[in-house]
Amino acid sequence: MSRHRILELGAGPADEPCAQLGQCADFAAANTLELLAYKAAIIALNGEPPLPLGFALVANAHDFGIYRTLWLVSSEQTLPEDGQAWLDDLVEPATWIAAGFPQPVTYDGSRAVMRPFREVITAALQITRANADGSFFPAQNAVLHRNLLAAYGPATVAAADTG
């Protein structure tokens, strides 16, 4: 099955630092973690894309090596109406916290300090969870939390409740 590249989403939120090829000692691992977290952040804001849309980590060759970026892809060249509507309304976070996420990777010089992906999702679920009275603050957290639950399931919620 061929995939059509629809939109390059990049390496992470535009206003956040990200792994730098040739400068970050753990580049491949940091790059992959940031891309998985960025995908989850986009899902938190928009819900999962309807089929035939999906995400792909696409390799790019550079003089210093290979780096990956997140792409929105489709198994069909022409998008159905709901897929086009999802794409037209797509919101990309400028920062991690705009999607209710902690920073998945922090940088100490050339050293990347990485949280495990599961911990990133668990933290996002905790950040966006309801107050004791069932309300969400800010109100947008209700959407972020619902979309994360739908995409990452009850096992992740159980981990968030115990951690």
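A residue counts as buried when its relative accessible area is under 20%. By this criterion Pro102 is buried, because its relative accessible area is 11%. The model in which this value was computed is a predicted one. Pro102 is found in the loop between helix 2 and strand 4. Beyond its neighbours within four places in sequence, Pro102 is in contact with Trp96, Arg115, Val120, Ala123, Ala124 and Ile127.

Ala130 provides a second case, in the loop between helix 3 and helix 4 (140–162). Its relative accessible area is 31%, and Ala130 is therefore partly exposed. With neighbours within four places in sequence left aside, Ala130 is in contact with Ser135 and Phe136. The C-alpha atoms of Ala130 and Glu16 are separated by 26 Å, the residues being 114 apart along the chain.

Three strands form an open sheet in the order 1-3-2, and their pairing is antiparallel. Strand 1 (4–10) and strand 2 (53–62) are the edge strands, each of which pairs on one side only. From one strand to the next, the twist averages 40°. The antiparallel pairing of strand 2 with strand 3 (residues 65–74) extends over 10 bridges. Within this pairing, Ala59 has Arg68 of strand 3 as its bridge partner.

Two helices pack against these strands. Helix 2 (residues 81–88) packs on the sheet and touches strand 1, strand 2 and strand 3, its direction making about 55° with that of strand 2. Helix 1 lies across strand 1, strand 2 and strand 3 as well, and runs at about 20° to strand 3.

Helix 1 (residues 27–46) also packs with helix 3 (residues 117–127), at an angle of about 30° and with the axes 10 Å apart. Helix 1 is therefore roughly parallel to helix 3, since angles under 35 degrees fall in that class. The crossing of the two helices is right-handed. On the helix 1 side the contact involves Leu33, Leu36, Ala37 and Ala40, which meet Phe117, Val120 and Ile121 of helix 3. By class, this contact of helix 1 with helix 3 comprises seven nonpolar residues, with no polar and no charged ones.

Tyr107 has Ala112 in strand 5 as its bridge partner. The two strands form a hairpin with two residues between them, and Gly109 in the turn has a positive phi of about 65°.

Cis peptide bonds are present at two proline residues. The bond from Leu51 to Pro52 is cis, with omega near 15°, and Pro52 is found in the loop between helix 1 and strand 2. The bond from Phe137 to Pro138 is likewise cis, with omega near -10°. Pro138 lies in the loop between helix 3 and helix 4, where Ala130 also has its place.

Notes. Residues numbered from 1 in each chain as written. Predicted model: local features only at pLDDT ≥ 70, side-chain atom pairs only at ≥ 80, totals over all residues. Heavy atoms only, no water. Axes fitted to C-alpha atoms, helices over the stretch in contact; angles between N-to-C directions. Helix = DSSP H or I, 4+ residues; strand = E, 2+ residues; numbered from the N terminus. Parallel < 35°, antiparallel > 145°, perpendicular 65-115°, else oblique. Left-handed = near helix turned anticlockwise from the far one by under 90°. Contact = heavy atoms within 4.5 Å. Nonpolar A, V, L, I, M, F, W, Y, C, P; charged D, E, K, R; others polar. Pairing = 2+ DSSP bridges. Buried < 20%, exposed > 50% of the residue type's maximum accessible area, 1.4 Å probe, protein only.
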